[in-house]
Amino acid sequence: MDLNREQLKTAVYPSGVDLVIAGAGTGKTRTLAEKAGMLIKNGMDPASILLLTFSRKAAREIRDRVRGIYGDAASAITAGTFHSFCLGFLEDHPGRFIKRFGFGEFPSVLDEDSKRDVLTGIVKGRLDRFLGLPAGVIIQLCEGHCGRGPAIMKKLESSGLNGSINGLKDSYSLYKRKNDLMDFQDMISFACRLMAEDDVLRDSIRDGIHYVLVDEYQDTSPGDFELLNLIMHPAKRNLFSVGDDWQSIYGFRRASVEYTVRMKKYFPEARIHRLSVNYRSRSEIIDLSSRFIRRNRFRTSKKLSSFRGRGGRVNFFIIKNPGEEALVITGIIEKESRPGNEIAVLYRNNWQGEVLSGSLGIDLPSFNVHLMTMHSSKGLEFDTVIIAGISDGIIPDQGAEIEEERRLLYVAMTRARDRLYLIAHFNPGGELSRFARELGAGDYL
């Protein structure tokens, strides 16, 4: 498929700073690949192009697309995650790194599972300091994975938990240093500090990178943003970023929608583009999801249209108790099951998946029904999407920031190509849950 006019316009500039706000299903990956290809076509050395993403799979996909269009020259593009780029930088300068940060030898990397095991071990050794809270909750608070708004911060402070959590962080840092370990967040912070403090190293990086491309820009964290500014020469910033603040759902990983919504604050010279033609979903799905996400106050503005037009279907099921949910989902799956029809059942929390898989697993067809969290569905698409558990306390989650919860439900809704089923719950008081009301489920009573 050729680029449409919106996509083509974003890719033509040979230098400068561009932000492409790419709505759901608008072809952001193709646009990013085309930009890289055009730079090569116009004479830029592929080795001087740096593509940063948040997953190795995405980096490979984009590089493979460019290679398919422009040949093997694209293989020289440096493509990887923010973490892998920083790790490579530290590995290229082991002596300076070890000396600066006081390690005995180059540290091994703690993956996320190992990190959790270390933190769990520390917590279990001092359970009396955490008022009987489960270790998992304490670790989430330590990592910032639970919402920590003013009300929760006040409770943590008044209970004395804040000091205990800070003590846990200190013990974890000491453990890593004694055992020559670093985690993923350390990679970025160590690399940034080394670049910031060493002009020679920083300039050597800048001399080798002429253009930076960033995928999923809405997932940029403060550490990622600091890295971008360190590796670009301030007098000739060449940055092409693609993302969608409406789909920013990784606040618990420190991602900040601020860098997208207020791009001009950080890059006054930036050109802002919008991709608004959705090639995935029918109009009915786009219209409902767009109305819903516009309730967020801190966001960019855009109006999506469906390339495929009308013909989709949105259905609400409103249930009085959670026990009805499995029966409703089973009925939908039986109705929708046919060859070639990909079905996804999406939910907010892992425990919902455990409950549903136990209820549905025996009767599900082998290979065309997928159960996953809303977070895991990001970047995927299905013919039919069933969203379970639209209920206060589940989504929106009580401890989470409300606008991020809306973005999460928006992501789930926009995974659907043709049919979207929304299962809404009544509250104990007999009224519809907050998001059910905002979606207009009451019209279906």
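1. Two strands count as paired if DSSP finds at least two bridges between them. In this predicted model, strand β1 (residues 17-22) and β8 meet that criterion: five bridges join them. The two strands run parallel. Within the pair, V20 of β1 faces H273 in β8.

2. The β1/β8 pair belongs to an open sheet of six strands. Its order is β3-β2-β6-β7-β1-β8, and the pairing is parallel. The edge strands are β3 (78-81) and β8 (271-275). Each of these pairs on one side only. On average, neighbouring strands are turned by 15° against each other, direction ignored.

3. Helix α3 lies across β2 (49-53) and β3. Its direction makes about 140° with that of β2.

4. Next, a helix pair. Helix α7 (residues 135-143) packs with helix α9 (residues 161-178) at an angle of about 80°. Their axes are 10 Å apart. Angles of 65 to 115 degrees count as roughly perpendicular, and α7 and α9 are therefore roughly perpendicular to each other. From α7, the contact uses I138, L141 and C142. From α9, L161, I165, L168 and K169 take part. By class, the contact has six nonpolar residues, one charged residue and no polar ones.

5. A second open sheet has five strands, in the order β11-β15-β14-β12-β13. Its pairing is parallel. At the edges stand β11 (313-319) and β13 (369-373). Each has a single partner strand, so one side of each is left without a neighbour in the sheet. The twist averages 20° from one strand to the next.

6. The partner of β11 is worth a check in the viewer. Strand β15 (residues 416-425) pairs with β11 in the parallel sense over seven bridges. Within this pair, N315 stands opposite Y421 in β15. Helix α15 (residues 283-293) packs on the sheet and touches both β11 and β15. The direction of α15 makes about 45° with that of β15.

7. Angles over 145 degrees count as roughly antiparallel.

8. The elements giving two or more residues to its lining are α16 (323-336) and α17 (350-360). The largest share, five residues, comes from α17. By class, the lining has eight nonpolar, eight polar and three charged residues.

9. How many cavities of 30 Å³ or more does a search of the whole structure find? There is one. The largest cavity has a volume of about 30 Å³. Its lining is A11, V12, Y13, P14, K35, M38, L39 and N42. Helix α2 (residues 28-41) gives the largest share, three residues. Six of the lining residues are nonpolar, one is polar and one is charged.

Methods:
Residues numbered from 1 in each chain as written. Predicted model: local features only at pLDDT ≥ 70, side-chain atom pairs only at ≥ 80, totals over all residues. Heavy atoms only, no water. Helix = DSSP H or I, 4+ residues; strand = E, 2+ residues; numbered from the N terminus. Nonpolar A, V, L, I, M, F, W, Y, C, P; charged D, E, K, R; others polar. Axes fitted to C-alpha atoms, helices over the stretch in contact; angles between N-to-C directions. Parallel < 35°, antiparallel > 145°, perpendicular 65-115°, else oblique. Contact = heavy atoms within 4.5 Å. 1 Å grid on protein atoms, 1.4 Å probe; cavity = no way out; pocket = protein on both sides within 12 Å on 5 of 7 lines; lining within 4 Å. Points joined across faces, edges and corners; volume = space filled by probe spheres on them.
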